[in-house]
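Subject: Structure handover

Dear colleague,

Here is the structure for your files, with notes on what was found in it. Please look at the coordinates first and read the notes alongside them.

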Amino acid sequence: MRTTATFAGTVLLAAGLAACSSGGAASPAPASTGSAPVTGVALAEPAATGEQPKGITYDTKRVPAGAQVATDAKTDGGRTTVTLTVTGLLPNTKYGSHVHTKPCGAKPADSGPHYQNKKDPVTPSVDPNYANADNEIWLDFTTDDKGWATSSATVGWEFRKGEANSVVVHASHTSTEHGKAGTAGDRLACLTHAF
């Protein structure tokens, strides 16, 4: 019997705005000019105390006000595909992105480590036997001249319930080098998305 599940979340990365209600490797798709704009929930900078917005921008220079990020995840027959679409980021710029274990928080590190299908017993995980695109969800992308990009990753497993809770945008593409595997620079923005 074949079952399919779909989960979706969207976010508008706009610093200073109040929150509104409403196995395979990553394969960045080429940006398409004239694509439909991504719509989502307006985000704010981290709240000083209490509940945090669903989406947070930590670096408004690299993730400008008005930038938008949308995520979508589908499971089918034991496989999972996660798609990330961004608009309004810096043009012609490389970014990294991964699924993380915890929801977004006031500090970039609050989203925890990368979600791993097979957990590395050592933290932080920089061993390519664990920190790789088959064991994690890597969504690296390079924006086009309008700041738009999309990336998709398909893996041969499904998320464990309650253990994958955000998508983080990083400052650079993901390293595969031993001792640095899985690293992608500073955490620039975060979207809380329970997979």
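The lining of the largest pocket is made up of seven nonpolar, 11 polar and six charged residues. In that count Ala, Val, Leu, Ile, Met, Phe, Trp, Tyr, Cys and Pro are nonpolar, Asp, Glu, Lys and Arg are charged, and the others, Gly among them, are polar.

Please note that this is a predicted model, in which local features need pLDDT of at least 70 and side-chain atom pairs count only at pLDDT 80 or more, while totals for chains, interfaces and linings use all residues. Residues are numbered from 1 along each chain as its sequence is written, and side-chain values use heavy atoms, with hydrogens and water left out.

The pocket

The volume of the largest pocket is about 450 Å³. Its lining has 24 residues, and those closest to the centre are Gly-112, Pro-113, His-114, Pro-124 and Ser-125. A pocket here is an open set of points on a 1 Å grid over the protein atoms alone, where a 1.4 Å probe fits, with protein on both sides within 12 Å along at least five of seven lines; lining residues have an atom within 4 Å of a point. Grid points are joined across faces, edges and corners, and the volume is the space filled by probe spheres set on the points.

The chain as a whole

The protein chain has zero helices and 10 strands. Helices (H or I, at least four residues) and strands (E, at least two) are DSSP runs, numbered from the N terminus. Of its 195 residues, 46% count as buried, where buried means under 20% relative accessible area, exposed over 50%, and partly exposed in between (1.4 Å probe, protein chains only). The chain exposes about 9,300 Å², with carbon and sulfur atoms supplying 53% of that area. Accessible areas come from the Shrake-Rupley method with a 1.4 Å probe, and for residues only the protein chains shown count as cover.

The five-stranded sheet

Five strands form an open sheet in the order β3-β10-β9-β6-β7, with antiparallel pairing. β3 and β7 (141–142) are at the edges with a single partner strand each, so one side of each has no neighbour in the sheet. Two strands pair if DSSP finds at least two bridges between them.

β3 pairs with β10 (residues 187–192) over three antiparallel bridges. Thr-57 has Ala-189 in β10 as its bridge partner, and Gly-55 stands opposite Leu-191 in β10. β10 is also joined to β9 by five bridges, again antiparallel; here His-170 is partnered by Arg-187 and Val-169 by Ala-189. On to β6: this strand pairs with β9 in the antiparallel sense over five bridges, and His-98 has Val-168 in β9 as its bridge partner.

Five of the five residues of β9 are buried, so this strand is largely enclosed by the rest of the structure. Both of its faces are covered, with Ser-166, Val-168 and His-170 buried on one side and Val-167 and Val-169 buried on the other. In a regular strand the side chains alternate between the two faces of the sheet.

The β4–β5 hairpin

β4 and β5 form a hairpin with two residues between them, and Gly-77 in the turn has a positive phi of about 60°. The two strands pair in the antiparallel sense over nine bridges, with Leu-84 in β5 as the bridge partner of Thr-71. Seven of the 10 residues of β4 are buried, so β4 is largely enclosed by the rest of the structure.

The core

The largest nonpolar core has 26 residues, and Val-99, Ile-137, Phe-141, Phe-159 and Phe-195 have the most contacts inside it. Two or more residues of this core come from each of β4, β5 (79–87), β6 (94–100), β8 (149–155), β9 (166–170) and β10. A nonpolar core is a set of buried Ala, Val, Leu, Ile, Met, Phe, Trp, Tyr and Cys residues joined through side-chain atoms within 4.5 Å.

Gly-66 lies in the loop between β3 (55–57) and β4 (67–76) and is partly exposed, with a relative accessible area of 38%. The C-alpha atoms of Gly-66 and Gly-88 are separated by 6.4 Å, although 22 residues lie apart along the chain. Ala-65 is in the loop between β3 and β4 too, and counts as exposed at 56% relative accessibility.

Regards
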